[in-house]
Amino acid sequence: MIKVKVSLRPIVSKVNLPTVLKTAILPGDSKETLFIATQVGEIFYVRDGVIRTFLDIRPRIVKLGASGGGYDERGLLGLAFHPEFYYNGLFYLHYSVAGTQGPGALPESFKPNPRDPKTLNLRWINRETQYDHIDTIEEWILQSNGQPQKRRTLLNLKRPFSTHNGFNSLNFSPETRKLVLTTGDGGSAYDPFNLSQDDLEIAGKIIEIDVGKNTYINNPPIVTRFNELPTTIQETLMVMAKGVRNIPGISFQKFNNQYIKYAGNVGQALVESIFSFVHYKPIPVTQLIQASFMNSEPEKKGIINFGWRGWEGAFPASIMRGCTINPTLDEKTIAYYNEAITLSGSRLQPLTSYFHKDARPDKFAGTALTGVQPYMGNRIPGLTGRVVFTDLAQKESQPQVRGGLAYTFVRPNGKQNDFSVIQTDYDFGSQSAYYVSLGTNLNQTRLYLGVYGAMKVTDFNQGTVFEIIP
C-alpha cells in the first residue's frame, strides 16, 4: 500500500461531540450543506463558513454522563435525510429518550466463564423493569416555513445496557432507497444474552425500513423483539445482517453498477473489523416470526452474519488475561467455543481487521472503530477508490491522545487485506484528539472528520469538525 499524507482543515470548532456528519441539499437550495449532529441533541448546519442551528432536541435526550465518569454511549445517535429530501423535506432521527433511565439488565459487570454454563446461557428476563433506557427512531419534516417538526415514530426500542446502541446508525441505501438502521448488541461486554444471533431480537442487526409504507401507527409500542411489534410495522422491516457487536453505520460504494456495502464492527478485546459485501438477500421480519412460530428454520442463504458473539472479526471471541509465565504476553481463552464452531462456516470474513496491540512501526493499535467511508474523489489520489476509516484513539498515543486515520481496499481475489496509516500534519498541541466520527458528501468526493478533546460528555464545547484535504 502507498503511503498517504493529508491535511486537516478546521470547518467549525467548539461544538459538543459531533457524532454524525452528513450533507444534504436543502429544499429550494442549489448546493450541498454540511450537517453536524451532536450526541447531546443539537443539529447544526454550515453555510458560507457560518454555523447555524437546524434543530435542537436536547430536552428530548436522556441525561448524559450521570454515571461512568462522564462517559456515555447514548444520546442523539443517528441522522439521515430522505433521498427526496429536497422535494419532501423528510429526515430521520435515532436518539435515547429523556426520562427513560432504568437500572440495567444485570446487577454487575459480565464476563463469560467457559467452565460455568450459567454464564454462557444467560437470558434477559424481567424486561419490563430490568433495562437501561429507550431508544426511538422518528420521522421529521422540514416545513415550508423552515421549521422542522416531528411527523411520526417508526420504532421504540428498549435497551438492556447503556452501551452498544450503534452510532451514525441511520443511512439511506442508494440501492434500495430504504432507511437502514444499525443496532448494537445492547451493551455490556461479550453480549451476555447472545442477542446479536437471536433472529427475533432487534439488537445486533442491520435492518432495512421501508419508510414509504404507512403503518397507521404514530406511536409504536416499546419493544425489544420483532414479534412484539404490530403486524403493519413488521411488514416494513427486513433483516439485512446479524451478529453485530457495535457499529458505526453502513456505507455504500458504487462499482460497476453494483454497490459494495461496508460496515465496521467494534471489537471486544482483540481486534476492530471492517466488513464488505455486495450480494445479500434480506429476510422479511414477518418470515422470521413465522418460522419461529412454526418452530422451523427460515431460509437464510442471503443474510449476512458478522459472527459475533462467537467471533470477533477473524478470530474466535476471546477472554484476555495476563500471561503468568511471560508478563509481556496475553493469555487468550475462547469465550464461546460451541458458538465459534457453529458460526465458523456461515459468518462473513472481514475485509480488514486491526489489533488492539500491534508492535509494527508502520501501524497503530486501535481502541474502537468510529467510522468507515469510501472516497471517490480525485483531490487525494492515493485514496481514490479506497475505504477510509477512523479509530477513536491510538493506544500508543498516550498521554496526549491521538485518533487513528487509515485506509484499506477490497482485493480482487476477495481475501482479507491489511491497512495503511494515513499521516496527518495538523498540530493538536497538548490537547487530546479523539476521532469520534467520519462523514462524506453525497458523491463521496469529500471527507469530514469529527474530533473531540475529551471523552466526557459533560465536557462541553470541545469538538471540532475538519475536512480531510490534500
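This is a predicted model: local features need pLDDT of at least 70, side-chain atom pairs count only at pLDDT 80 or more; totals for chains, interfaces and linings use all residues.
Residues are numbered from 1 along each chain as its sequence is written, and side-chain values use heavy atoms, with hydrogens and water left out.

View 1. The largest pocket holds about 810 Å³ of space, a pocket being an open set of points on a 1 Å grid over the protein atoms alone, with protein on both sides within 12 Å along at least five of seven lines. Grid points are joined across faces, edges and corners, and the volume is the space filled by probe spheres set on the points. The lining comprises 29 residues, and those that lie nearest the centre are Phe-81, Phe-172, Pro-174, Asn-441 and Leu-442; a lining residue has an atom within 4 Å of a point. Two or more lining residues come from each of β2 (18-24), β6 (76-81), α1 (85-88), β10 (170-172), β15 (250-255) and β29 (434-440), where helices (H or I, at least four residues) and strands (E, at least two) are DSSP runs numbered from the N terminus. By class, the lining has 15 nonpolar, 11 polar and three charged residues, with Ala, Val, Leu, Ile, Met, Phe, Trp, Tyr, Cys and Pro counted as nonpolar, Asp, Glu, Lys and Arg as charged, and the others, Gly among them, as polar.

**View 2. The largest cavity.** Five cavities of 30 Å³ or more are found in the whole structure, a cavity being a set of grid points where a 1.4 Å probe fits but cannot get out. The largest cavity has a volume of about 70 Å³, and its lining includes Arg-152, Thr-153 and Leu-154 as well as Ile-209, Asp-210 and Ile-233. Strand β9 (residues 148-159) gives the largest share of this lining, three residues, and the lining as a whole has six nonpolar, three polar and three charged residues. Ile-233 lies in helix α3 (residues 231-234) and counts as buried at 1% relative accessibility, where buried means under 20% relative accessible area, exposed over 50% and partly exposed in between (1.4 Å probe, protein chains only).

View 3. The search of the whole structure finds 23 salt bridges, each a side-chain nitrogen of Lys or Arg within 4 Å of a carboxyl oxygen of Asp or Glu. In one of them, the side chains of Asp-29 and Arg-47 meet at 2.5 Å, N to O. Asp-29 lies in the loop between β2 and β3 (33-38) and Arg-47 in strand β4 (residues 42-47), so the pair ties together parts that are 18 residues apart in sequence. Both Asp-29 and Arg-47 are buried.

**View 4. Salt bridges between distant parts of the chain.** The side chains of Glu-84 and Arg-177 form a salt bridge (2.5 Å, N to O). This pair joins distant parts of the chain, with Glu-84 in the loop between β6 and α1 and Arg-177 in the loop between β10 and β11 (179-182), 93 residues apart. Glu-84 is partly exposed at a relative accessible area of 31%, and Arg-177 is partly exposed at 46%. In a further salt bridge, the closest N and O atoms of Asp-418 and Arg-360 are 3.1 Å apart. Here Asp-418 is in the loop between β27 (404-408) and β28 (420-424), and Arg-360 is in the loop between β24 (352-355) and β25 (369-374), 58 residues apart.

View 5. The peptide bond from Trp-308 to Arg-309 is cis, with omega near 20 degrees, and Arg-309 lies in the loop between β19 (304-305) and β20 (311-312). Leu-17, in the loop between β1 (4-15) and β2, has phi near 30 degrees, a positive value in a residue other than glycine, and is buried with a relative accessible area of 6%. Asn-194, in the loop between β11 and β12 (206-209), has a positive phi near 50 degrees and is buried with a relative accessible area of 17%.
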